[in-house]
Amino acid sequence: MTDTQTSAEAHAHHGYITDKDKYLNRLKRIEGQARGIHKMIDDEKYCIDILTQVSAMTSALEAVALGLLEDHLRHCVVDAAKVGGAEADAKITEASQAIARLVR
């Protein structure tokens with residue numbers, strides 16, 4: 001890292017970049033699930049059937065979130081921990097806040 005290069009520039013690639021296609025494919029399936037739920041409501045399907053699909057979609061979104069969180073911890077947080085100091089503290093706080101949002 002040069003003197004003029006910030007730490008953020010040195011770590012410009014996000015942890016999920018190696019799995020980007022996997023995440024995009026999952027999100028496309030989730031989009032399809034959302035359209036399916038919309039159609040179920042439009043077609044006035046049974047409430048429990050709709051709720052079952054909402055639950056499946058929620059689980060799929062949670063899987064994406066957990067994968068992104070793990071990638072963030074393994075890449076961004078580990079890199080910041082190696083640098084240490086305020087950057088490490090900030091990344092750990094950021095990760096803790098993300099976890100708190102996920103478990104609400």
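## An all-helix predicted model

The protein has four helices and zero strands. Helices (H or I, at least four residues) and strands (E, at least two) are DSSP runs, numbered from the N terminus. Along the sequence, the pattern reads α-α-α-α. This is a predicted model, in which local features need pLDDT of at least 70 and side-chain atom pairs count only at pLDDT 80 or more, while totals for chains, interfaces and linings use all residues. Residues are numbered from 1 along each chain as its sequence is written, and side-chain values use heavy atoms, with hydrogens and water left out.

### Confidence

pLDDT is the predictor's confidence in each residue, from 0 to 100. The protein averages 88, and 88% of the residues score at least 70. Among the elements, helix 2 has the highest mean pLDDT (97) and helix 1 (residues 7-10) the lowest (46). Residues 1-11 have pLDDT below 50, and this stretch has nine contacts in the model beyond near neighbours in sequence. Contact means heavy atoms within 4.5 Å.

### Overall packing

Of the 104 residues, 19% count as buried. Buried means under 20% relative accessible area, exposed over 50%, and partly exposed in between (1.4 Å probe, protein chains only). Among contacts with a separation of 6 or more, 53% come from residues 24 or more positions apart.

The largest nonpolar core holds seven residues: Tyr 23, Ile 30, Ile 37, Met 40, Ile 50, Met 57 and Val 64. Helix 2 and helix 3 are the elements that give two or more residues to this core. Helix 2 gives the most, with four residues. A nonpolar core is a set of buried Ala, Val, Leu, Ile, Met, Phe, Trp, Tyr and Cys residues joined through side-chain atoms within 4.5 Å.

Helix 2 has 23 residues. From its first C-alpha to its last it reaches 33 Å, close to the 33 Å expected at 1.5 Å a residue. The expected span is 1.5 Å times one less than the number of residues. Tyr 23, Ile 30, Ile 37 and Met 40 are buried in helix 2. The buried residues of helix 2 pack against helix 3.

Glu 44 follows helix 2. Glu 44 lies in the loop between helix 2 and helix 3. Its phi is near 55°, a positive value in a residue other than glycine. Most residues other than glycine have a negative phi. Glu 44 counts as exposed because its relative accessibility is 72%.

### Helix 3

Helix 3 spans residues 47-83, 37 residues in all. It reaches 52 Å from first C-alpha to last, close to the 54 Å expected at 1.5 Å a residue. Helix 3 bends by about 35° at His 72. The bend at a residue is the angle between axes fitted to the seven residues ending there and the seven starting there.

His 72 is also one of the buried residues of helix 3. Gly 84 follows helix 3, and its phi is positive, near 80°.

Val 64 sits in helix 3. Val 64 counts as buried because its relative accessibility is 6%. Leaving out residues up to four places away in sequence, Val 64 touches Tyr 23, Arg 26, Leu 27 and Ile 30. Val 64 and Arg 26 are 38 residues apart in sequence, yet 7.5 Å apart in space, C-alpha to C-alpha.

### Cysteines and helix 4

A search of the whole structure finds zero disulfides. A disulfide is a pair of cysteine sulfur atoms within 2.5 Å. Cys 47 is exposed, whereas Cys 76 is buried.

Glu 94 lies in helix 4. Glu 94 and Val 77 are 17 residues apart in sequence and 9.1 Å apart in space, C-alpha to C-alpha.

The relative accessibility of selected residues follows.

| Residue | Relative accessibility | Class |
|---|---|---|
| Val 64 | 6% | buried |
| Cys 76 | 16% | buried |
| Glu 94 | 37% | partly exposed |
| Cys 47 | 55% | exposed |
| Glu 44 | 72% | exposed |
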